Amino acid sequence: MTPSAILESALYVTDLDAAERFYGETLGLAPVGKVAGRHVFFRCGQGVLLLFNAAATRVPPPSDARLPVPPHGTAGQGHLCFSATAEEIDRWKARLQAEGIVIEADFQWPQGGRSIYFRDPSGNSIEFAEPRIWGL
């Protein structure tokens with residue numbers, strides 16, 4: 001057996017309010033859940049983007065927790081790549097730059113396909129790329 005898809009992806013952020021504004025307003029993702037000070041979740045296509053306050057997710061749940069999710073978290077900058085067509089990448093680049101967001105890289109991959117990279121408010125490396133960079 002092999003997994004059929006990635007259902008959720010997580011990033012750890014330093015400022016949940018700034019992350020919620022960035023992913024909700026700047027990137028236009030629809031929120032699906034929130035616990036103040038701990039997390040905010042967004043729908044993205046067939047998956048979900050989880051944004052966590054890493055310090056809060058490192059705390060083990062109480063023994064009688066309704067949802068006994070084990071502790072997790074990380075330190076430092078993460079990476080996430082959104083799928084986009086070549087035309088969408090052009091539009092995203094223009095939109096991000098209009099918001100004052102620096103595009104760190106914009107290039108064509110040797111095997112075909114384009115990517116742009118920028119940072120979210122917590123310093124995570126965010127990418128828009130054509131799926132063909134992975135042969136998809």
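1. A pocket is, on a 1 Å grid over the protein atoms alone, an open set of points where a 1.4 Å probe fits, with protein on both sides within 12 Å along at least five of seven lines, and its lining residues have an atom within 4 Å of a point. The second largest pocket here has a volume of about 260 Å³, the volume being the space filled by probe spheres set on the points. Of the 13 residues that line the second largest pocket, Arg38, His39, Phe52, Leu67 and Val69 are the closest to its centre.

2. The model is predicted, with local features needing pLDDT of at least 70 and side-chain atom pairs counting only at pLDDT 80 or more, while totals for chains, interfaces and linings use all residues. Residues are numbered from 1 along each chain as its sequence is written, and side-chain values use heavy atoms, with hydrogens and water left out.

3. The largest pocket has a volume of about 670 Å³, and among its 24 lining residues Ser9, Leu80, Cys81, Phe82 and Ser83 lie nearest the centre. Strand β5 (79-83) is one of the elements that give two or more residues to this lining, and β5 gives the most, with five residues; strands are DSSP runs of E, at least two residues long, and helices are runs of H or I, at least four long.

4. Helix α1 covers residues 16-26, and its buried residues (under 20% relative accessible area, 1.4 Å probe, protein chains only) are Leu16, Ala18, Ala19, Phe22, Tyr23 and Thr26. Seen down the axis of α1, these buried residues fall within an arc of 165 degrees, so they line one face of the helix. After α1 comes Gly28, with a positive phi near 75 degrees.

5. Rings of Phe, Tyr and Trp (its six-membered ring) pair if their centres lie within 6.5 Å, and planes under 30 degrees apart count as stacked, over 60 as edge-to-face and the rest as tilted; the count comes to ten aromatic pairs. The rings of Tyr23 and Phe42 have centres 6.5 Å apart and planes at 40 degrees, so this pair is tilted. Because Tyr23 lies in helix α1 and Phe42 in strand β3 (residues 39-44), the pair ties together parts that are 19 residues apart in sequence. Both Tyr23 and Phe42 are buried.

6. For Phe41 and Phe52, the ring centres are 5.6 Å apart and the planes at 75 degrees, so the pair is edge-to-face. Phe41 and Phe52 are both buried.

Notes: Buried means under 20% relative accessible area, exposed over 50%, partly exposed in between (1.4 Å probe, protein chains only). The arc is that of the directions from the helix axis to the C-beta atoms.
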